[in-house]
Amino acid sequence: PHEPALAEQLLRHKMPQWLVESCVSDKFKACRAECGDSSVPAAELADAAIALISIFDLIKGMGIAKSDMMGNADVLKRQAEAHPGASVQELIKKELEQADLKKLLSGHKFKDAPLDDKGKNVQNVCVSMLWLQRALIFICVLLETLQTEPKLKTAVDAGYAASLKQHHGFVVKGVFATASNAAPSKEKFVGLLADEEEAAMSAITEMLPVVKEILNILGPFMKEIGAETGNYPPGYLCAA
C-alpha cells in the first residue's frame, strides 16, 4: 500500500529543480555575451528575465508581484520579436523620437505596437523596462540576502525594500507585506532551487554578477534619459 506514495516521492526527487529547469543562469550568460558597452539585446534580456521572474512560482503569496513583473517582461519580448536584433536602448530611443518621456512614463501605447493576447497594443518599452529592471534588482537582492539570512521572509523584505518599495504607495506596500508573511521556510525554498543548499548557493553566487553587469549597462542609460530616478544599493544600475 505504501508503494505509490514512495514512487511519487522518488519522481518528485528526480524532477529537476528550478535552477536547472529554468536555465536561468545560461540565459543571462547568453544575454551578457551579446551586450555591447552600452547596449543590451532586447530578445535575450526578455528571455532571461522571464526565467528569473519564474522564481516567484516557488514563493507562496507572490503571485500578484510575479504577474506584474511578467507583464513587463512580456512587453519587452513582444517588442523584441517585432524588431529582431534590436537592443533595449535602440527600442527606447525610437520611442523617444515619437513621444516625450513624460508621455511614455504615463503609459502611452503606440498604435503600431505589437499586440498582446487580447489583441490590444502592448505597453511602450521605456516604462516596461523601467519596472522590469527594478524587478530584477528585487530578485537579485533577495538571492544575495538569502545567502546569509536564515529566513526567506527576511530576504523577500530586503529585496523589496531595495527596489520597488520606494516607488509604491501605502496600499501596494501592504499587499507586499502580506505576501512576504506567506513565504515558506528557507529550507523548503532552497530545496526547490537545487538538490543541495551548497549547490544552490554556488549557482546563485555565479549568476548574480552576470545579472548585475547587465543592469549596470541598462542603469546609466535609463538615468541619462531621465526615466530612472530611484536610489538602489551600491553596485546596481551604475556605470562599470
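Helices here are DSSP runs of H or I with at least four residues, and they're numbered from the N terminus. What you see is a predicted model, where local features need pLDDT of at least 70 and side-chain atom pairs count only at pLDDT 80 or more, while totals for chains, interfaces and linings use all residues. Residues are numbered from 1 along each chain as its sequence is written, and side-chain values use heavy atoms, with hydrogens and water left out.

Let's start with helix 10, which covers residues 170-181. Its twelve residues reach 17 Å from the first C-alpha to the last, close to the 16 Å expected at 1.5 Å a residue. (The expected span is 1.5 Å times one less than the number of residues.)

Which residues of helix 10 are buried? They are Phe176, Ala179 and Ser180, where buried means under 20% relative accessible area, exposed means over 50%, and partly exposed is in between, using a 1.4 Å probe and protein chains only. Looking down the axis of helix 10, you'd find its buried residues within an arc of 95°, so they line one face of the helix; the arc is taken from the directions from the helix axis to the C-beta atoms. An α-helix has 3.6 residues a turn, so residues three or four places apart point the same way. On the other side of helix 10, you'll find Phe170, Val171, Thr178 and Asn181 exposed.

What do the buried residues of helix 10 pack against? Their partners are helix 5 (63-82), helix 8 (125-146) and helix 9 (152-162). Setting aside neighbours within four places in sequence, threonine 145 is in contact (heavy atoms within 4.5 Å) with Thr154, Ala155 and Ala158.

Helix 12 has 28 residues and reaches 40 Å from its first C-alpha to its last, close to the 40 Å expected. Lysine 212 lies in helix 12. Beyond its neighbours within four places in sequence, lysine 212 touches Glu144, Gly235 and Tyr236.

Now for the largest pocket, which holds about 270 Å³ of space. Its lining has 15 residues, with Asp37, Ser38, Asn216, Ile217 and Pro220 nearest its centre. Helix 6 (88-98) and helix 12 (197-224) are the elements that give two or more residues to this lining, and helix 12 gives the most, with six. (On a 1 Å grid over the protein atoms alone, a pocket is an open set of points where a 1.4 Å probe fits, with protein on both sides within 12 Å along at least five of seven lines; lining residues have an atom within 4 Å of a point. Points are joined across faces, edges and corners, and the volume is the space filled by probe spheres set on them.)

## Positive phi angles

Most residues other than glycine have a negative phi. Cysteine 23, though not a glycine, has a positive phi of about 55°. You'll find cysteine 23 in the loop between helix 2 (18-21) and helix 3 (24-34), and at 36% relative accessibility it counts as partly exposed.

Leucine 237 also has a positive phi, near 55°. Leucine 237 sits in the segment after helix 12 and counts as buried, at 1% relative accessibility. Glycine 226, which follows helix 12, has a positive phi near 90°.
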